[in-house]
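Hi everyone, thanks for coming. Let's have the model up on the screen and then walk through it together.

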Amino acid sequence: MYLGQRELKSALQSQINWPARLQELAGSARNSHLQHFYSATIPNADTPLRDVKFLALDFETSGLDPQQHGIVSVGVVPLTLERVFANKGKHWLAKPRKAMADESVVYHGITHSQIEDAPDLLETFDELLEVMSGHIMIVHYKAIERTFLDVALRERIGEGIEFPVIDTMEIEHGLHRANKTSFWQRLKKQPPMSIRLADSRARYGLPFYRPHNALTDALATAELFQAQVQHHYSPDTPLSELWS
Amino acid sequence: MEAEHLEILDFLKQHAPFNELPDEEVERLSQLTDVAYFKAGSDILSYQQRIEDLHVVRSGAVEVYHRNGDLYNRLSSGGFFGEAGLLRNGKVRYPVTSLEDSLIYLVPGTEFNRLFDDYESFADAVETEDRERLKRALDRRASANDMLTATIETLVYREPIGMKSSGSIREAAEMMTEQEVSSLLIYEEDQEDPDKPLGIITDKDLRKRVLAVGLSDQTAVKEIMSEGIVCVQHNQRIFEAMLMMLRSNLHHLPVLKKGKTIGVVALSDVVRHESKSSLFVVGNIFRATTVEELEALKDDVKATFVKMVDEDANSRMIGSSMAVIGRSFKQRLLELGEEKLGPPPVPYCFLALGSMARDEQSIVTDQDNAMILHDSFNPKEHDAYFLELAQFVSDGLASCGYTYCTGDIMATNKKWRQPLRVWKEYFDDWIEEPTPERLLHSSIFFDLDGVWGKLDFAEQLNRLIRQKAPKNKRFLACMARNALQRTPPLGFFKDFVMEKDGKHNNAINTKRRGTAPVADLIRVHALAIGSKERNSFARLEDVVDASILTPGRGPDLRDALELISMVRIRHQALSLTQGEIPDNNVEPEALSDFERKNLRDAFQILSNAQKFLKFRYSLS
């Protein structure tokens, strides 16, 4: 998957005061599940990573355009810096309101019949918001998870959703792409390092996991995040350095 | 909602002890398992810490320690730890740190204890693993204490300490004092290869070359260092290294591993490590003053061989010990020869070829040797001396039990007693103008080791081989073709392959049909990658590192070689204890069912390896 510079630049955007923003949204949200989600306490910008509860989040979608495609599965795995609570992981299938493109069937390893039998996201999003609340989300490429959930909720309950995320792809990007293409690499025309999930994981000695199962990808992202923090940050690093 | 961690499930299913459990139990476990990542060098478990999970290594590697800090075990993917604490008091008994970046699966201890009680096969698998670890640990300790079998690497306690050649003597003395070392390696100013030292200085040099002669301490160290330093390979036996020190009057030897200096061993380290019994034979060889006295040691050599077999030494230990003994005989005979005939008119190097050079000698062996003479050699003036010396050594070796070489590959043969320049032509010819026929009896020269005299001559030839062989595909193809001449007996179990000489109708020649073809085919791969090693096991490691073989084939071939070698060695040891003359012919009736089955598997592996060689060099 190729990522344009535009999306990646948005990563470096100015800081949002997330606790204040969520409090504000709690006042304006109409849906009771959303209100509940926004009113949960989240850590401040200067909270050290060691004290934060994270939730690795991954969606499988029927395509890449949130306007034309929908969410077909959701995987979540909670974690702290010390432990990935794989045993508290959850996985939902969802039937998108937009038709599933044929070619994506193989890609996701989910068949039409499984999707046909799955409930609409409207029936399960309250469970999802429940596990998300109070956590800082970790995703690999935030443009997917944040935008798709926002669009899906707009279509179903008439209002979108905002929440802070840490993007493990953005962290890799910062390490391997932004300003880091060395003179030698340019001279030797070496391609910049791949920041796809599997390639990023391999750099930290993490095993290969078969991609495109939302729960496995969430687990894979959680493990990658632990590795990134141990190699490049510290448990005392404030949340503000990583979230956006 | 379903939460099945497929990756965790698949992994557990494939690994002991979980593969002993019914599917539904593994599925349940996989849903209860957590995960944690540990960067290399992190503490995973500390002694007496509370432990609540069985730890399973998913990727990376960890080291398990004893309380006293000694390494207990090393685990990689699929290994597990923490079971001892879980089964006893819930406290960590063996601290664990990550050796590499590692991903650990955490299986709840309550579940582990329940499964341990409920499933006997699961409990057995856990305990087997424990017992095997213990045995391995014990084996390691036992062999590490034996000078005959332990390698010099075990005496390397620290990284080498060194400085640049332009540094002053005073700086050197300060560094040696500060680092508490008795020697210092000296490196060239901007040396291309930083691992190869230029020279060495020792405490003694400071005394003799500085203080005693009143040299200024501002003089550069390069003025007083000893150049052309003698090194040992990391996998050389401790007693070989000790002999080297004693015979060259050196007190410090840099230790090399893959061309890098990993440390310096001092004579005092070796002496501290000495165990008297193992040096018995070699010591006596160098004390012998006549050929008759050497001949009298034959029985001691046999006894050493049988003793090593009884003590469960592996073929590599036995092979290299026998080679060291053989080399010592040669060295002492050459010393005696030079005493008798006077000093050599021009410098020379005496060579070991074949199994002795490969450190794979058995008790049944003939003498394969040769001489490289200095290029100033003049046949009319000098050859009479070298022929007489060669004859003296050859006859001496024959009396000591090393029969004359039937192929006449001995220094007594004029063809194999030539100046370095001619030897280089031989190798140029073999490598650049190869035919299978010309190379048929030459493969032995590609296992070549200097044992006496100007060892550098032998090294020059080995360098030439390493440079030329990998580039000459036709040479490699010819060597490969010859390596396929001797095949293993495949119909071994039912229709026993008979040897054509008719003598051993129901026996198999374990050398000709087993160890020799394995060594041959490993040699071809080793030549192709320019390996510096000569021992088949060591060559095979290089070949595996170079990714020439399909994954898994390397270890298979190693095990096959070990098995065939040990069948051969045990057979010979048995003959010796029964007062018979040992040979290479093993009768199938003399083998247990187990050995027969394993031997057949080993021959199958050899046969497949030959097919691969044939394919690699497109031979039909």
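Helix 12 (residues 298–310) of chain B packs against helix 21 (residues 553–577) of chain B at an angle of about 125°, with the axes 10 Å apart. Helices here are DSSP runs of H or I with at least four residues, strands are runs of E with at least two, and both are numbered from the N terminus. Axes are lines fitted to C-alpha atoms, for helices over the stretch in contact, and angles run from 0 to 180 degrees between N-to-C directions. That angle makes helix 12 of chain B oblique to helix 21 of chain B; under 35 degrees is roughly parallel, over 145 roughly antiparallel, 65 to 115 roughly perpendicular, and the rest oblique.

Which residues of helix 12 of chain B meet helix 21 of chain B? They are K302(B), F305(B), V306(B) and V309(B), and among their partners are I569(B), R570(B) and L576(B). Contact means heavy atoms within 4.5 Å.

Quick word on the source: this is a predicted model, where local features need pLDDT of at least 70 and side-chain atom pairs 80 or more, while totals for chains, interfaces and linings use all residues. Residues are numbered from 1 along each chain as written, chains are lettered from A and ligands numbered from 1 in written order, and side-chain values use heavy atoms, without hydrogens or water.

Now the sheet. Four strands of chain B form an open, antiparallel sheet in the order 1-8-3-6; strands pair if DSSP finds at least two bridges between them. Strand 3 (residues 53–59) and strand 8 (residues 102–108) of chain B share six bridges, with D53(B) opposite P108(B). Helix 11 (residues 214–232) of chain A lies across strand 1 and strand 8 of chain B.
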